[in-house]
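This report describes side-chain contacts in a protein model. It treats aromatic contacts, then charged ones.

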Amino acid sequence: MVSSEASAGETCSPEFTREYGITKPISLSGPSGSDLQRSRELEKFLASAGLYESEEESKLREEVLAQIDEIVKKWVKRLTREKGYTEQMVEESNAKVFTFGSYRLGSGCQQVHGPGADIDTLCVGPEYADREEDFFILLHDMLAEMPEVTELNRVPDAHVPVMKFKFRGISIDLLYASVALRIVPDDLDISQESVLYNVDEQTVRSLNGCRVNEQILRLVPNVEHFRTTLRCMKFWAKRRGVYSNVTGFLGGVNWALLVARVCQLYPNAVPSMLVSRFFRVYTQWRWPNPVMLRSITEEELGFPVWDPRKNPRDRTHHMPIITPAYPGMNSSYNVSTSTLRVMTEQFQQGNKICEDIELNKANWSALFDPYPFFEAYKNYLQVDIVAADQDDLRLWKGWVESRLRQLTLKIERDTFGMLQCHPYPTEYVDSSKQCPHCAFFMGLQRKQGVPILEGQQFDIRGTVDEFRQSVGMYMFWKPGMDIYVSHVRRKQIPSYVFPEGVRRMRSGRATNQIGKRSPHGRESSPKSCNGNFGDDIVEDCNANSAEKANKRKHDMRADVEKAEKRAAVSPNDVKSSSLSVSDVSNRSGLASQTSSAEEADLLSSTAGYGTIAKPVEDGEKPSKGRVKNDDQLEQKGSFNQKERVEEIGSGKGLQNSCILRAGKCQNGSEELESSINVEMILPSHAGVKSETVQKPVLRVSLASTA
């Protein structure tokens, strides 16, 4: 149930006088007739897109949650008895299940989650029930014995320890928090700071999900409009490929906080206005200035809070989005410079389309067009993940996917940001193969706006090796689990990644395989296709004819000859442009520290982190950095004078960003995009001997095709 304060926000008068957030609103104007019409069209579009689950599925979710609550109550009584407590204590012992995330933010017909979405749950237990043994062993074993439970997986070493499983087909993420209480009451209020007494930081992070949800619903002016806008923005983010916390983009709580802040800045706006203002605000937002729904407070409990003035590590965050519940944390610490660049481009694209919608030049469907990822770049990294069977693949894939962000960060580090990566958070499977495997892709491009040195190359062999070693540290590794990283050009993208399997005209599949050893250093030998694989994972399992083998050998010899000729013509270019190990080791981190001058500007505002513009009074001439309110815009009858948000803080925006238009950069045609040539020095067992290196090398050459 929504708190009384949040519920009041849904029924009070349209014009709000209360201030929400750390600044005054940008505009208090309400909707016009055209705004209301666009909102109706937006909600109609969302319904037609299938974003609302059926009554049967909603009822099933309620039944599943009730059953899980019964299970944890039986679990806590069982462990209470096993620990030797009295029968009276066993009878009074209790555990309680809370929900959070998208499922909790919605209510009834105002759903935020969609069909098939998982349910984020939190089990709160007594102080004597610990996480390591009682939760991850005893409760895990109880769930494993139930026929309703499938795909059970525990992740105890995650930043927020979690147990994942499906219960009657509904995906469940179950966290655990042991509070300092002998008996957990049924009416426990975890929004109070007192629940944080005498608990560790992992418990605080587990409790924070529910506590953040409660604060969001209390801090938005209109819960109904917030929910509709959030549902819209989540759908947009998924269609545009920027919805994934694990990959380095934003997850559900991040999008909820961004939408809530826009609701605070425009408290009387309807969903169509809020969507448009969302893109307008965050297109002009000056990262890394933080998004905050309320001021950060420090309590006597002493838990660390996000504060770049005190914590040097916080200064390295690229896109801080701070949770409103104590202790305030950055919920988007996974964002890198590459993923921030991608999201900035998408915000700009969304802003342009919303302007066209308000001018009746486009409709809502244009905003939700899928991002043409496989048309946006000329070069990609393909990461193939394999295992002996489907169960192993599910576990192995989850681990590798959680480490893909590290590959992006390592490439940024080792190329000094010159080679930009765009990880795509979609998993692809070739259904025509019998091999248990899946694939992820990353787009590659040269950093825009930087002069190109002819023949410039970046040797990322060590980068990939380091990534493979980190992946190989998986504590539950089994024989057959392996990864293969390959370079593919746009024309070589496999057809199974396209909708309905539409194949593209492409040449032979001559990809440059990186690494012939497993992450644990075990030699990968050629194997049959019944669950085992040879080195060339990107080829079809049956591609073992003599004709194809001879063709691959010929192509590989030709590649080596070309590489040797290029090296003989200009050996200095290769030597001078490759990154040395010392160059990489001299870098202390992925993001530079804030200078003293920048830090002084960062701390100069009232809130301590940045301010936003105040609305301009009627009749007043707007000054630089201020905005006109909606009434003034209506009087002009034109959208040429847009609302402008004052630059927050002193940080400069991304100067090298470009807006993608159907896979092309606005600042140049597709033909002007830099080419990335990958050269392979082949191992001797591939049929060609190399005097320099006896294992594959991935070299990225950045040369303009203009």
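How many aromatic pairs does the structure hold? The structure holds 32 aromatic pairs.

## Basis of the model

The model is predicted: local features need pLDDT of at least 70, side-chain atom pairs count only at pLDDT 80 or more, and totals for chains, interfaces and linings use all residues. Residues are numbered from 1 along each chain as its sequence is written, and side-chain values use heavy atoms, with hydrogens and water left out.

## Aromatic pairs

A pair of aromatic rings is described by the distance of the centres and the angle of the planes. Rings of Phe, Tyr and Trp (its six-membered ring) pair if their centres lie within 6.5 Å; planes under 30 degrees apart count as stacked, over 60 as edge-to-face and the rest as tilted.

Tyr 85 belongs to the loop between helix 3 and helix 4 (87–92), and Tyr 128 to the loop between strand 2 and helix 6, so the pair ties together parts that are 43 residues apart in sequence. Helices (H or I, at least four residues) and strands (E, at least two) are DSSP runs, numbered from the N terminus. Tyr 85 is partly exposed at 26% relative accessible area, whereas Tyr 128 is buried at 10%. Here buried means under 20% relative accessible area, exposed over 50%, and partly exposed in between (1.4 Å probe, protein chains only).

Tyr 282 and Phe 347 form another tilted pair, with 6.3 Å centre to centre and 40° between the planes. Tyr 282 lies in helix 10 (residues 271–284) and Phe 347 in helix 11 (residues 337–358), so this contact ties together parts that are 65 residues apart in sequence. Tyr 282 is buried, with a relative accessible area of 2%, and Phe 347 is likewise buried at 2%. Both rings belong to one aromatic cluster, formed by Trp 236, Trp 255, Phe 278, Phe 279, Tyr 282, Trp 285, Trp 287 and Phe 347.

## Charges over rings

A charge sits over a ring if NZ of Lys or CZ of Arg is within 6 Å of the ring centre and within 35 degrees of the ring normal. The charged end of Lys 238 lies over the ring of Tyr 243, 4.9 Å from its centre. For Arg 277, the charged end sits over the ring of Tyr 266, at 5.9 Å from the centre.

## Salt bridges

The structure holds 28 salt bridges, each defined as a side-chain nitrogen of Lys or Arg within 4 Å of a carboxyl oxygen of Asp or Glu. Glu 57 and Arg 61 form one of them, at 3.4 Å from N to O. These two residues are 4 residues apart in helix 3 (residues 55–82), so about one helical turn separates them. Glu 57 counts as buried at 19% relative accessibility, and Arg 61 is buried at 1%.

Arg 182 and Glu 127 also form a salt bridge, their closest N and O atoms being 3.3 Å apart. This pair links distant parts of the chain, 55 residues apart: Arg 182 is in the loop between strand 5 (170–178) and helix 7 (201–219), and Glu 127 in the loop between strand 2 (119–125) and helix 6 (131–144). Arg 182 is partly exposed at 44%, as is Glu 127 at 40%.

In the salt bridge of Arg 309 with Asp 307, the N to O distance is 2.9 Å. Arg 309 is partly exposed at 36%, while Asp 307 is buried at 3%. Finally, a network of salt bridges links Lys 410, Arg 413, Asp 414 and Glu 466.
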